[in-house]
Amino acid sequence: MFAYLYRGSLQQWTLEELGSILCWGNALVIVGTLEVVLHSAVSMHIDWGNFQRLTILYLWSAVPFFVTGLLFSIVFARCPVQTTQLYGADLVGGALACLALVPLLNVLGAPNTILFSGFAVALAGVVWAGRGLQKTMALALAAALLMLIAANLHGHLFDLVYVKGRLQEHPLYAKWNAISRVDVFEDEPLRTGLTKWIVIDGDAGTGIVAGNPLSKDPKAWQGGTRPLAHLPSVLRPHGDFAIIGPGGGPDVFIAVQAGSPSVTGIEINPIIANNIMRGAFAADAHHLYELPQVHIHVSDGRSFVRNSRDRYDVLQMTLVDTWASTAAGAFALSENNLYTVEAFREYFEHLKPDGMIAVTRWEFAKPREALRVVSQAMEALHQLGVDDTRRNFIVVSQGLLDVDGRPVIVLAKKTPFTEEEQQQVLQEINGTPTELANPNLKVLYMPMLAGDSSKTHPVFGQLIRGQDARAFSARYAFNVSPVTDNAPFFFFTLKPGQVFHGVDQGGIDWKVNLGIAILGLVLVIAVAAVIGFLVLPLALSPQARSGGSVRLLYFIAIGMGYILVEIAFIQRFMLFLGHPTYALTVVVFLMLLSSGLGSLLSRRWFDEPTGVASAMAGIVVVLLIYVFALPHVLGALVGLPFALKLLISALLLIPLGLVMGMPFPSGLRAISRQDEDGRMLPTNHGAVEWAWAMNAASSVLGSVLAMVIAIQFGLNITLLCGAAAYVLAILLLPTFGKQRYREI
């Protein structure tokens, strides 16, 4: 819009002058933005001061994108003949950035990666700069940023000051990678028996066990109490364990100490598994992860289990969650494929005949998370042919459910729990002649106590005895119905009417609820911003009076369609590739790269605007096929080696991305036609800037809508909405007319 409104003033500078000035300025703004972000003491509390700090942070962070959008608009408007090449180069550049992102984060860390983006923009300024002093100054700026990155690698000139509203303490150890930032701190005094504490993204944490796992003392590090995680070892003291998300090793320690001959740990973050537990802090953990009976694998938990040919006596997950992203309001990354019905089916299928899964979740005075775990396991067992699961569950909490934040363990088997197994659990709680009672443990459900409401929790009993999780959820205060891979939002337990008025800042799931609230508010703000800054100005512009604004709906449709499809693919490939960062990087890289190539090919393939209809019809057909086929294909191949999964991702995404890169540049060429003297036709003045703005705005709206649709209706419907947007674009093609492109 700025490029359109001030095009007259901008005409006094050449394209080269504007390019160099904007790139140099943007490189400096990026450095300033990083400094503002690192020094902003924002929090999750709703107050006026926090609102002001967030406003400053977001507005400053928007400046680099504003400058980039301004430069692109000017370049496209002044070089209409090179539209396809320019758009293709833009997409290829974005693809290369995605390819570089993971190694940059792994090697340089997040602050230096942002500085590197400033260096890249400074290099673009070198390309734009003329000869002599201008070129020398551009090179000096790029060199200065490169030296700043080198200095920051060791001097920490740019590092975290505030982490999610809290002043960052000086850690004993800190390291970034593409998954997260991991710090190690001296443990808090109240965390008995854990001398070091691993903190992931300033929020989620796991203690490093300090006891000797080969000690015969059953309470070697627990400070005199045995935690919930000990119950699986009570029932299967010499069983084979698979532990997803072992972190600092508490569950591994318990299994080894109980006598397990084989403990398989699946840790997704190599910093925790290798750099900390088998590296800098191995001695603190008594080299737990280096014991011969302990086998640690760096992998996504579900992908590893599906690919494993082993069978286990216990498959255990303790408080494995995604609060790292939800604490920042990034609900788009808070889904978790470890907690879907399909995942639980796979867990049960990888157990020995009498094996069990043991899942520990935080629970609330009004139960929902552990309750949903029961729903997931019940639905999975029903699908596996177990009709009656009333004797297949034991649920125990670490204290009464009278406050939020109690750990609750759900034990589930394919076969009923025997009376002997139930007595073993009761003895662990009530004590034996040789062991003291553990009064902190409370039974929430056990088959032999199911008829005595005074000894169990009524809600868990109602769910399990009813044997219909969806019917129970419909009556219950929270949404605890089973979730599937099509909509893997396990942590979203609010019902629609509770999204805003049900948010409690005092609850420990405030972080999840905040993500939902932010998602809704961003949608409202995005709609208001597009109407106020684009739709209304366009309605008052010469474009509207000449009837040219109707054609701009085409750019809205393809922008919306592209982003809906892209985000649906990111979500769908998340399980396949094993982590949100990998899915984001791979999907966006492949789609941008292939779309860039498609942009270049569109110039050769289509002589008139309506010719691209066949390409968009192909997009719609492929998307309809993918709606039904993609979940099965990715599900069947999720256990393959990572390199092969990258190849399969390319085969699935590149052909579609190739065609999806054609509609936008074809439309730009259509609205930037010139007369015989090479001048823009009167009805097309400002059309390119408007088309770019409308396409970008629809992408913003589409990114939020994609998440809203996925949460409410699932990923398949999100993909279908993307196909519908392309159908709308096909219907709008006749507004461009039948004129052939004029080549210059």
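In this predicted model, a polar atom of the side chain of Thr718 lies 3.0 Å from the backbone oxygen of Gly714. A polar atom of the Thr718 side chain is also found 3.4 Å from the backbone nitrogen of Ala710. Thr718 belongs to helix α26, which covers residues 715–732. Is Thr718 buried or exposed? Its relative accessibility is 1%, so Thr718 counts as buried, because the cut-off for a buried residue is under 20%. When neighbours within four places in sequence are set aside, the residues in contact with Thr718 are Leu564, Ala568, Ala706, Ile709 and Ala710.

Not counting residues up to four places away in sequence, Phe555 touches Phe664, Gly667, Leu668, Ile671, Ala691, Asn695, Ser698 and Phe736. Phe555 is also part of a cluster linked by ring pairs, together with Phe72, Phe76, Tyr87, Tyr554, Phe664 and Trp692.

Ring pairs occur elsewhere as well, and a search of the whole structure finds 20 aromatic pairs. One of them joins Trp48 and Phe51, whose rings are stacked, with 5.3 Å centre to centre and 25° between the planes. Both residues lie in helix α4 (residues 48–78), and because they are three residues apart there, about one helical turn separates them. An α-helix has 3.6 residues a turn, so residues three or four places apart point the same way. Trp48 has a relative accessibility of 58% and therefore counts as exposed, whereas Phe51, at 46%, counts as partly exposed.

Phe116 and Phe119 form a pair that is tilted, because their ring centres are 5.6 Å apart and their planes stand at 50°. These two residues are also three places apart in a helix, about one turn, but their helix is α6, residues 110–128. Phe119 is one of several buried residues in α6, among them Leu115, Gly118, Val121 and Ala122. Helix α6 has 19 residues and reaches 28 Å from its first C-alpha to its last, close to the 27 Å expected at 1.5 Å a residue.

Aromatic rings also meet charged side chains. Arg368 lies over the face of Phe478, 4.2 Å from the ring centre.

Asp321 is located in the loop between β10 (312–318) and α12 (323–326). Asp321 and Phe491 are 170 residues apart in sequence, yet their C-alpha atoms are 8.7 Å apart in space. Apart from neighbours within four places in sequence, Asp321 is in contact with Phe491 and also with Ala204, Asn336, Arg361 and Trp362.

Conventions:
Residues numbered from 1 in each chain as written. Predicted model: local features only at pLDDT ≥ 70, side-chain atom pairs only at ≥ 80, totals over all residues. Heavy atoms only, no water. Phe/Tyr/Trp six-rings, centres within 6.5 Å; stacked < 30°, edge-to-face > 60°. Helix = DSSP H or I, 4+ residues; strand = E, 2+ residues; numbered from the N terminus. Buried < 20%, exposed > 50% of the residue type's maximum accessible area, 1.4 Å probe, protein only. Lys NZ or Arg CZ within 6 Å of the ring centre and 35° of its normal. Contact = heavy atoms within 4.5 Å. Expected span 1.5 Å × (residues − 1). Polar contact = N/O pair within 3.5 Å; in protein donor to acceptor, adjacent residues only side chain to side chain.
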